[in-house]
Amino acid sequence: MSEPQDRALRLGTRRSRLAMAQSGQVADLVRRLTGRPVELVEITTYGDVSREQLAQIGGTGVFVTALREALLRGEVDFAVHSLKDLPTTYPDDLALAAVPVREDARDVLVARDGLTFERLPEGARVGTGSPRRMSQLNAYARGHGLTIETVPIRGNVDTRIGYVRKGELDAVVLAAAGLKRIGRIDEATDFLSVDTVLPAPGQGALAIECAADNTALIAALAELDDPYTRAAVTAERSLLAALEAGCSAPVGAFADLLDDGQIVKEMRLRGVVGTTDGSTLVQLSTTGPVPETYDQAMALGRELAAEMLAKGAAGLMGERAH
């Protein structure tokens, strides 16, 4: 497809403050890379307007479908998603053109009075809409003699932090990456180590997507791709897919690189699945050579999922498990 090189590239984005912030950051990178103007096109998705719990409205895909439809209709040239929102099966008519360097993948606590997780009062009310976070927070509290009550919440960052500011909750758990991208990370009172709470598969990473037949744009956007981040999130999402879990299932996964100070030697993939009350967790890890191809990264995830299923993971995922 040949087109004038000075035409503005149209970047499809959700309207939320976080989506606008991360799309704006990508737009700046693409302007510098291509020398072309980039304009943001705001698109409302079903996930943005529905008041239902995420698990009830279909989990993955509710924030993605409208953007993808706009891409395929040619209304936008490319789109930016939070990678953890993408369904694990990938459509043939779209291309994942770039996965840029990942932001901090950890979860953070925003608590009243500057409290850390360990210092929360007995029976503290902790808000999160994520079964994955509930499961691991409850398990961690149980293992450390703490008693907490996890409270399901929805809404944007302002709404969630507002529950703490108004005294309705003692704390909420959010993704570090989102707070960093909107310039509010200083409101976090505790960073939860991945050893305590494994993030959602792909958390902290962005996905830049365009139509599969737009080869010139795919080639240009490929400059923004970080091969290590792509390998890590591919392994994490492969684990999720092999566990046959949607984003409403309590699955945490994180792949990181192991090095000896100089040379990256291996990739370690950790996975967890558990009951929401944290009473039972299956948590395992595997380590292998850093994947150099998509297939190798997928294999790493499938291998760990098979071990987790053998240890009883399927029974912990509720009605979605087979």
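**Exercise 1. Place R142 in the fold and find its contacts away from its sequence neighbours.**

Step 1. R142 belongs to helix α4, which covers residues 131–143. Helices (H or I, at least four residues) and strands (E, at least two) are DSSP runs, numbered from the N terminus.

Step 2. Set aside the neighbours within four places in sequence; R142 then has contacts with D277, G278 and S279. Contact means heavy atoms within 4.5 Å.

Step 3. For S279, 137 residues from R142 along the chain, the C-alpha atoms of the two residues are 8.1 Å apart.

The model is predicted: local features need pLDDT of at least 70, side-chain atom pairs count only at pLDDT 80 or more, and totals for chains, interfaces and linings use all residues. Residues are numbered from 1 along each chain as its sequence is written, and side-chain values use heavy atoms, with hydrogens and water left out.

**Exercise 2. Describe the aromatic pair of the structure and state what it ties together.**

Step 1. The structure holds 1 aromatic pair. Rings of Phe, Tyr and Trp (its six-membered ring) pair if their centres lie within 6.5 Å; planes under 30 degrees apart count as stacked, over 60 as edge-to-face and the rest as tilted.

Step 2. The partners are F117 and Y140, in a tilted arrangement with 5.6 Å centre to centre and 45° between the planes.

Step 3. F117 sits in the loop between β5 (107–111) and β6 (124–127) and Y140 in helix α4, so the pair ties together parts 23 residues apart in sequence.

Step 4. F117 and Y140 are both buried (under 20% relative accessible area, 1.4 Å probe, protein chains only).

**Exercise 3. Characterise the second largest pocket by volume and lining.**

Step 1. Its volume is about 440 Å³. On a 1 Å grid over the protein atoms alone, a pocket is an open set of points where a 1.4 Å probe fits, with protein on both sides within 12 Å along at least five of seven lines; lining residues have an atom within 4 Å of a point. The volume is the space filled by probe spheres set on the points, which are joined across faces, edges and corners.

Step 2. The lining has 22 residues, with L96, R230, T234, Y294 and M298 nearest the centre of the second largest pocket.

Step 3. Helices α8 (227–242) and α9 (294–310) each supply at least two lining residues; the largest share, 9 residues, comes from α8.

**Exercise 4. Summarise the chain.**

Step 1. The secondary structure consists of 9 helices and 13 strands.

Step 2. Of the 322 residues, 52% count as buried.

Terms used: Buried < 20%, exposed > 50% of the residue type's maximum accessible area, 1.4 Å probe, protein only.
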